[in-house]
Amino acid sequence: MQPGDRAGPVAAHISENWSAPMRAALLAHVAAQSPGLDPLVIAAAPQIRPVPA
């Protein structure tokens, strides 16, 4: 199984249960390619509900 295979459920969990500031911080870390991020989180990032502007 590849990380992308499980990205959908991870993205759904984050989108449904994390606050907008938490999602924004996570997506900023992904965009900055911060070291130590789990490949599953990186694969899920494009599917996470965006933070309202």
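A nonpolar core is a set of buried Ala, Val, Leu, Ile, Met, Phe, Trp, Tyr and Cys residues joined through side-chain atoms within 4.5 Å, where buried means under 20% relative accessible area and exposed means over 50%, with partly exposed in between, using a 1.4 Å probe and protein chains only. What we have here is a predicted model, in which local features need pLDDT of at least 70 and side-chain atom pairs count only at pLDDT 80 or more, while totals for chains, interfaces and linings use all residues. Residues are numbered from 1 along each chain as its sequence is written, and side-chain values use heavy atoms, with hydrogens and water left out.

The largest nonpolar core has nine residues, namely Ala7, Ala11, Ile14, Leu26, Val30, Val41, Ala44, Ala45 and Ile48. Helices H1, H2 and H3 each supply at least two residues of this core, and H1 gives the most, with three; helices here are DSSP runs of H or I with at least four residues, numbered from the N terminus.

Let me turn to H2, which covers residues 20-31. Which of its residues are buried? They are Arg23, Leu26 and Val30, and, seen down the axis of H2, the buried residues fall within an arc of 65 degrees, so they line one face of the helix, the arc being that of the directions from the helix axis to the C-beta atoms. On the other side of H2, Pro21 and Ala31 are exposed.

Finally, if we leave aside neighbours within four places in sequence, isoleucine 14 is in contact with Arg23, Leu26 and Ile48, contact meaning heavy atoms within 4.5 Å.

Methods:
Expected span 1.5 Å × (residues − 1).
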